[in-house]
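Please consult the sequence and the structure shown below while reading.

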Amino acid sequence: MTLASVVIVGAGQAGFQVAASLRQEGFDGRITLIGDEPGLPYQRPPLSKAYLLGKIQATNLLFRPADFYTTQRIELLHDQATAIDRLNRRVILASGAAVSYDHLVLATGAHNRPLPVPGAELPQVFGIKTKADADSLAPLAKEARNVVVIGAGFIGLEFAAVAAALGANVHVLELGERPMARAVSREMSELFRQAHEAWGVHFDFRQGLSRIDGDNGNVCAVQTGDGRALPADLVVFGIGVIPNAQLATEAGLDIENGIKVDASLLTSDPQISAVGDVASFPCLQNNELHTRLESVQNAIDQARAVAARLMGKPAPYSALPWFWTDQGNLKLQIAGLSHGYDSTVVLGSVEEHQASVLCFRNDRLVAVESCNRMGDHMAARKILARAPKLTAVEAATDGFDLKAWEAANRD
């Protein structure tokens, strides 16, 4: 069948990239990009940091200006997909319209896990997921004196750094025992804990939240799991996300912590692909276990892989995962997946906030976490993209330089 029409549900990073890459690959058919937010598609990572601080404007968030969609013949629909009619290959929209497809790409992303406590509905309680969230939060963040952050993951700590820079008293509650525990090593957690505490952020680890108190409809305090009351006029939470798989579930597609896809990113329906935060794929770097990754890199690379396949260039998805977070004057960049690591080697200085942590599993390098060491990160991506031969013993030798090792071991 000649591919004449591609419909993409979700206008975030992955969805936009599928549309752009199809045109780059030479696709000449109809492309329909369906997004349920107003305005042009935009990038989300700056929302919890640079955009909140006013360092960049709304126009800087856009992937492309309006004329891009016109010149590239990408039809942008502001509507919500409510159902997939697989038999007739149509997407049903909330407006009542239906859009036909030859191939459908689901890039529906994920939504914030809700805060399951009394008081979470108060107007000064925020999760940061959309531009509308950030636009509502920004003026309150500038005025807040006592900020409580729920969750010490990337989003929570990015906002904690912003709030501290704006002069607020910042208190972070985290159920785990250290910052970013699910994402980084103990050594890197310690580096970020020290830095945040130097900025005035206070941490409460192994600590939950029982409720948020209000006074005349406004947040005034939070009650911790151990019964303490913390003053608060603003609460921001980041306790994980839930993949937006309902559309796929109702359409009868296979689900496994997201929309289950094969190595080519095809769902259980060969006319439907899934990409980005919602896709659960056999990850080469995770022993081919079905894995869902929430990163810009994964969204872009999966989108490009699907576009290439649709244009007759299929290949198993095998891109190296990498991630980043900016917190204050710290840039953390992670290459690879550290799941199950059993030893580490630290390069540089944790105390000086310039360090790389090399994570090994069975003496095989599986991930490198770099704070303010861009050169190490770039070298790590090259090393991990091929079968890495670096051992922990070699990395631990005096004067070891990751960049120099990479340059000397490229063959």
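Across which strands does helix 4 lie, and at about what angle does helix 4 run to strand 9? The model is a predicted one.

## Annotated domains

The unreviewed UniProt entry lists a feature named "domain: FAD/NAD(P)-binding" at residues 5–303.

Five strands make up an open sheet with parallel pairing, in the order 9-16-10-11-12. Strand 9 (125–127) and strand 12 (201–205) are the edge strands, each pairing on one side only. On average, neighbouring strands of this sheet are turned by 20° against each other, direction ignored.

Within the order 9-16-10-11-12, strand 10 (residues 146–150) pairs with strand 16 (residues 234–237) in the parallel sense over four bridges. Val-148 stands opposite Val-235 in strand 16. Helix 4, formed by residues 131–143, lies across strand 9 and strand 16 and runs at about 135° to strand 9.

## Nonpolar cores

The largest nonpolar core comprises 98 residues. Val-91, Leu-104, Leu-106, Phe-159, Val-170 and Leu-234 are the residues with the most contacts inside this core. Which residues does Phe-159 touch, not counting those up to four places away in sequence? They are Ser-48, Leu-52, Ile-128, Leu-137, Ala-141, Val-147, Val-149, Leu-234 and Val-236.

Leu-137 and Ala-141, both touched by Phe-159, fall within helix 4 (residues 131–143). Val-147 and Val-149, also touched by Phe-159, fall within strand 10 (residues 146–150). Leu-234 and Val-236, likewise touched by Phe-159, fall within strand 16 (residues 234–237).

Another open sheet of five strands has antiparallel pairing and the order 22-23-26-25-24. Its edge strands are strand 22 (322–327) and strand 24 (343–349), each of which pairs on one side only. The twist from one strand to the next averages 15°.

Strand 24 and strand 25 (residues 354–361) pair in the antiparallel sense over seven bridges. Val-345 stands opposite Leu-358 in strand 25.

## Loop residues with positive phi

Arg-206, a residue other than glycine, has a positive phi near 55°. Arg-206 lies in the loop between strand 12 and strand 13 (209–215). Is Arg-206 buried or exposed? Arg-206 counts as exposed because its relative accessibility is 60%, and the cut-off for exposed is over 50%.

Asn-362 also has a positive phi near 55° and is a residue other than glycine. Asn-362 is found in the loop between strand 25 and strand 26 (364–371). With a relative accessible area of 66%, Asn-362 is exposed.

Terms used
Residues numbered from 1 in each chain as written. Predicted model: local features only at pLDDT ≥ 70, side-chain atom pairs only at ≥ 80, totals over all residues. Heavy atoms only, no water. UniProt positions renumbered as here; feature names shortened; annotations may be inferred. Pairing = 2+ DSSP bridges. Helix = DSSP H or I, 4+ residues; strand = E, 2+ residues; numbered from the N terminus. Axes fitted to C-alpha atoms, helices over the stretch in contact; angles between N-to-C directions. Contact = heavy atoms within 4.5 Å. Core = buried A, V, L, I, M, F, W, Y, C linked by side-chain atoms within 4.5 Å. Buried < 20%, exposed > 50% of the residue type's maximum accessible area, 1.4 Å probe, protein only.
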